[in-house]
Amino acid sequence: MNWVRIDNRLVHGQVIEAWVPYLGARNILVVNDELAGDDMRQEIIRLAVPSGVELSFVGVDRISMHLDEHGRIIHPRDYTLLLFATCGDVQRAVQAGFALTTVNIGNLHYSPGKQQLCPHVALSSEDIGCLKAFAKRGIHLDFRCVPNDSTQVKTSWWG
């Protein structure tokens, strides 16, 4: 099973200490064009991942092909935590054939021009359009930093 999370920090403490144990994830797949081509940064990130958890990196447009080629990553009893940095990257993956039913919006930092939606999520107009498109496709939007948080945004906002 797959759990999709948008978090501009990608692999960090909340992911390793909260989400991996909560999901029982044995696999983390970082879906990011920049990291997919940066072996040095991949090795640095690997230092944060506990033994027993497989870490892979793939470019956004290759996600469906990667999952098909690595059937072990989508084993029905093993959770794979898929980490994306942006809403736009998830949208590109969906357009490339990646299927999902839920997307966890975990962290998108504030910057000028963004609308603060909840304490851990600030959205640009592009992000808002992207999330509205997900909602219209029937993709559940889960706004939580960590698993024991309650969802902080009403889905009616995406109307």
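The model is predicted: local features need pLDDT of at least 70, side-chain atom pairs count only at pLDDT 80 or more, and totals for chains, interfaces and linings use all residues. Residues are numbered from 1 along each chain as its sequence is written, and side-chain values use heavy atoms, without hydrogens or water.

Begin with the open sheet, in which six strands run in the order E3-E2-E4-E1-E5-E8 with parallel pairing. Strands (E, at least two residues) and helices (H or I, at least four) are DSSP runs numbered from the N terminus; two strands pair if DSSP finds at least two bridges between them. At the edges, strand E3 (54–58) and strand E8 (140–142) each pair on one side only.

Next, select strand E2 (residues 25–31), which pairs with E3 in the parallel sense over five bridges. Leucine 29 has serine 56 in E3 as its bridge partner.

Then display helix H1 (residues 13–23), which packs on the sheet and touches strand E1 (2–7), E2, strand E4 (79–84) and strand E5 (102–107). Contact means heavy atoms within 4.5 Å.

Move to leucine 117 in strand E6 (residues 115–118). This leucine 117 is buried at 19% relative accessibility, where buried means under 20% relative accessible area, exposed over 50% and partly exposed in between (1.4 Å probe, protein chains only).

Finally, select the cysteines. A disulfide is a pair of cysteine sulfur atoms within 2.5 Å, and the count is zero. For cysteine 130, the nearest cysteine sulfur, that of cysteine 87, lies 4.8 Å away; cysteine 130 is buried, at 2% relative accessible area.

Methods
Axes are lines fitted to C-alpha atoms, for helices over the stretch in contact, and angles run from 0 to 180 degrees between N-to-C directions.
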